[in-house]
Structure formats: structure tokens, C-alpha cells
Amino acid sequence: MANTGSGSLATILFLFMFQAVLHKGAAQDPVVSQNLVTDNVSVVEGETAIISCRVKNNDDSVIQLLNPNRQTIYFRDMRPLKDARFQLVNFSDNELRVSLSNVSLSDEGRYVCQLYTDPPQEAYADITVLIPPGNPIIEARDEVLSEGNETEMTCTAMSSKPAAIIKWMRGDKELPGKPKVELTYDKMYTVTSRLTFTVSKEDDGVPVVCIVDHPAVKDFRAQKYLEVQYKPEVKIVVEFPQGLTREGENLALACQAKGKPQPQRVNWLKVDDDVPSHAVITGGDLYIESLNKSYNGTYRCVASNSVGESYDDYILYVYAQHHYPDAPTTTPIPTTAIITTTTITTITSYREAIQDTAPSTEPAAHDSRAGEGAPRTVDHAVIGGVVAVVVFAMLCLLIVLGRYFARHKGTYFTHEAKGADDAADADTAIINAEGGHTNSDEKKEYYI
């Protein structure tokens with residue numbers, strides 16, 4: 001033990017004397033244009049840090065490295081400090097490079113590179129020890145969610161240095177969180193981020209990811225998959241008939257319902273009326289035999305689960321068996337109304353064509369009158385009534401015109417041979433007539 005102490009004392013005295021000699025030499029022969037440089041170092045706890053003291057244009061001046069407590073770690077290529085974690089990596093006239101293995105938080109601080117010139121030069125290398133956080137912990141307030149509800153999740157990154165940064169991702173979309181940073185007694189940081197958002201049925205099965213950003217770790221994350229319950233989606237499918245529904249035919253409808261949880265109850269009802277007594281309902285299927293017009297109306301399929309209920313509608317319109325909207329009419333038409341009837345037929349066909357090409361503005365409910373894509377037609381009873389009215393109007397017009405022309409016939413009245421009626425014989429009449437020619441300017445013809 002005494003020998004060890006004597007050796008250490010001798011080493012210190014040697015360094016002191018060597019430094020004094022260097023100072024004296026530097027005073028006698030000052031050195032110019034020497035530049036001492038070093039770099040700051042960031043190192044993860046437990047790993048190895050490299051400290052490099054470099055000199056440009058060195059003239060054999062001595063380089064040494066001191067720890068934050070100003071203790072000499074290396075003097076040239078000698079290590080007075082008895083810490084085996086420090087090892088010489090490189091020594092030359094222009095560089096002193098030292099490694100420090102198994103770095104701990106206590107090694108953090110400012111290290112000093114010294115160059116013995118006149119005046120002496122110093123450069124500082126700050127060692128920052130990075131401590132990664134523990135595995136992120138993600139927690140959810142609700143394990144099972146319902147669509148439209150708000151939920152809250154937290155992510156915690158504990159005991160790190162410096163404080164970590166937490167980001168949130170829902171699927172491929174980033175969400176804003178509210179971070180809270182706490183400094184613990186051991187000078188570590190604990191960060192907790194709180195996320196609040198509203199869920200929809202599209203979020204079911206989507207991962208929510210907590211991403212921890214820290215210089216000591218990469219791609220540090222935790223995730224939790226959302227489980228969202230939602231009310232059923234309902235759709236009515238017509239199994240038969242395909243096209244228009246006519247009297248005497250059968251109708252089969254299937255109600256398809258999907259939700260989470262799966263709907264346990266599927267009911268059929270008729271809006272503002274009762275379902276026909278002989279209708280057969282099996283689960284989500286509705287079957288009605290021998291349709292007639294009394295069955296017309298809106299049939300609704302309702303499905304429900306613990307979240308809520310939804311429905312879809314089907315509008316039933318039963319056509320008469322002899323009613324074929326697509327076939328041309330064969331009703332005889334009076335010849336006096338051919339032009340008028342043709343005009344009405346053309347207009348009707350034009351209106352039907354417009355209805356076929358125009359976009360539908362009706363509700364999304366299924367309508368049997370649409371015949372699953374068949375063109376909508378006008379009732380022929382209405383067309384027949386219109387034709388009858390037009391024919392009757394034409395007949396009335398012909399009668400009125402006939403009576404008018406019968407009462408206003410054209411006649412000619414002349415005043416020639418006026419006075420011949422009073423003559424006793426033919427000669428006298430001729431004389432009177434000739435005499436009447438002298439006043440021919442007064443004779444006029446009238447036409448009514």
C-alpha cells in the first residue's frame with residue numbers, strides 16, 4: 001500500500017516538474033498558429049464514448065486530457081488516472097484519442113483538452129449520456145367501443161434522458177395528443193401523452209399506434225387495435241319475381257343484416273298496416289303467395305343489436321294480370337280523331353322516354369312499380385278517357401259548324417226591270433224597263 005502511494009506521489013511530482021519545464025520553454029520560444037480542437041459527444045448509457053483532442057501545426061507541444069473534476073486522464077500517452085475504462089486509442093504529435101467504455105450517467109460532464117503552449121490552450125468536449133425510455137405503455141379507457149362515442153387513450157414513456165417525444169397514429173393518419181412531462185428524483189424524465197377521439201364503424205380493427213421519438217432509440221412503439229361495435233346495415237333483396245309484380249304471382253323478399261355484434265332480431269312489418277295474414281316470415285325472409293292489389297304498400301325489414309336498430313323499405317305495387325304496359329294498345333279509334341289520337345300517343349311515348357332517361361329523384365326504397373329496371377308506363381284507362389273526351393269535343397265542334405253554315409246562306413238581289421211588275425202588258429213592261437235604264441247608276445247588287 002505504501003509503495004503504491006509513493007509511486008503515485010512520484011508520478012505527480014514528475015508531471016509537475018515536466019509541466020514547469022514546458023512552461024519555461026514556451027516562454028523562451030513562443031509558439032504561434034497552433035489550434036487545438038475537439039468535439040462534443042453524445043453516447044447511450046452502457047456504450048463507449050470517444051474523446052479526440054486534435055492539434056493543427058503542432059511543434060511538439062504536450063497534449064493532455066482532463067476529466068470534469070480537472071483530474072488528468074492522459075498526459076501524452078501515459079494514464080495517471082486509475083480508471084481502466086479509459087483506454088488510449090491513438091497518440092501522435094497531432095492527436096490524443098481516448099475511449100471511455102461502459103459509460104454511465106456519472107460520466108456526463110465537460111472534459112478538457114490542454115495544449116502546453118504560451119499561453120496554454122484549452123478545448124472542451126461535453127459528454128452527454130443518453131438514457132432510452134422503457135417500453136412504452138399504452139392504455140385505453142374503454143376496451144369495447146360503440147360507434148359515435150368518444151374514447152381516451154394514454155401512452156407513457158418512463159425514465160428517459162432527455163425527455164421523449166410521443167406521437168399518435170390511427171391507421172395512416174396522425175392524431176394530436178396532449179403531453180405531460182415529469183422530472184423524477186434521479187433526474188430522469190417521464191412523459192405521458194393523452195389522446196381523445198371519436199370512433200366510427202370504419203375504425204373497427206384499425207390499430208392506434210404510440211410512437212416514441214428519442215435520440216437513444218429508433219422505431220420505439222406500442223399499438224392497440226380498436227374494437228368498435230356498430231348498429232346493423234340492412235338491405236332488402238328481391239328473390240322473385242324479376243320485373244313487375246302482377247296479380248296471382250308470388251313474392252319472395254330476403255332481408256340481409258350485418259352489424260357488430262351480429263343482429264339477433266330481424267322483423268318484418270308493413271308501414272301503416274298489417275302484414276297479410278297468409279304471409280310466411282322465416283327469419284329474414286318474407287314470402288307472399290297470390291298477390292293482389294290489396295297487398296300494395298311499404299314493407300319494412302328492421303334489424304337490431306345492442307348498439308341500435310336500422311331498417312330498409314320495399315314498396316310493393318301489384319299490377320293487374322291483363323295489364324301489360326309494354327304492349328301496344330289495340331283499342332279501335334274513330335277516324336275523326338286520328339290526328340288527335342296520334343298526337344296524344346306521341347306525347348305519351350315522349351314522356352315515357354323522358355322518364356326512362358331522366359335521373360331518378362325517388363327515395364332509395366325498393367319500388368316494385370319500377371319493375372327492377374323496367375320502364376314506367378301510364379295507365380291505359382287514363383289514355384282511353386282522354387281520347388273519348390277529344391272525340392266528343394270534335395263531334396260537338398262539327399255540329400256547331402253545320403248549324404252555323406245552314407243559317408247563313410248567300411243570295412243575290414238586283415233592281416233591274418224595276419216597275420215591270422206594275423205593267424199591264426209586256427210592251428209596257430219593256431218600255432218601263434228601258435226607261436228604268438236611265439237610272440242605272442242607282443242599281444246595286446248585295447251579297448250576304
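Over the ring of which residue does the charged end of arginine 300 sit? The ring is that of tyrosine 311, and the charged end lies 4.0 Å from its centre. A charge is taken to sit over a ring if NZ of Lys or CZ of Arg is within 6 Å of the ring centre and within 35 degrees of the ring normal.

The model is predicted, so local features need pLDDT of at least 70 and side-chain atom pairs count only at pLDDT 80 or more, while totals for chains, interfaces and linings use all residues. Residues are numbered from 1 along each chain as its sequence is written, and side-chain values use heavy atoms, with hydrogens and water left out.

Four aromatic pairs occur in the structure. Phenylalanine 75 and tyrosine 116 make a tilted pair, with 6.4 Å from centre to centre and 55° between the planes. (Rings of Phe, Tyr and Trp, the last by its six-membered ring, pair if their centres lie within 6.5 Å; planes under 30 degrees apart count as stacked, over 60 as edge-to-face and the rest as tilted.) This pair links distant parts of the chain, 41 residues apart: phenylalanine 75 belongs to strand β5 (residues 72-75), and tyrosine 116 to the loop between β8 (109-115) and β9 (121-130). Helices (H or I, at least four residues) and strands (E, at least two) are DSSP runs, numbered from the N terminus. Phenylalanine 75 is buried at 1% relative accessibility, and tyrosine 116 is buried at 10%; buried means under 20% relative accessible area, exposed over 50%, and partly exposed in between, with a 1.4 Å probe and protein chains only.

Phenylalanine 240 and tyrosine 287 form an edge-to-face pair, 6.1 Å centre to centre with 70° between the planes. Because phenylalanine 240 lies in strand β19 (residues 228-240) and tyrosine 287 in strand β24 (residues 285-288), the pair ties together parts 47 residues apart in sequence. Phenylalanine 240 is partly exposed at 35% relative accessibility, as is tyrosine 287 at 26%.

Aspartate 203 is located in the loop between β16 (189-198) and β17 (207-214). With a relative accessibility of 10%, aspartate 203 counts as buried. Apart from neighbours within four places in sequence, aspartate 203 contacts Arg170, Thr198, Leu226 and Val228, where contact means heavy atoms within 4.5 Å.
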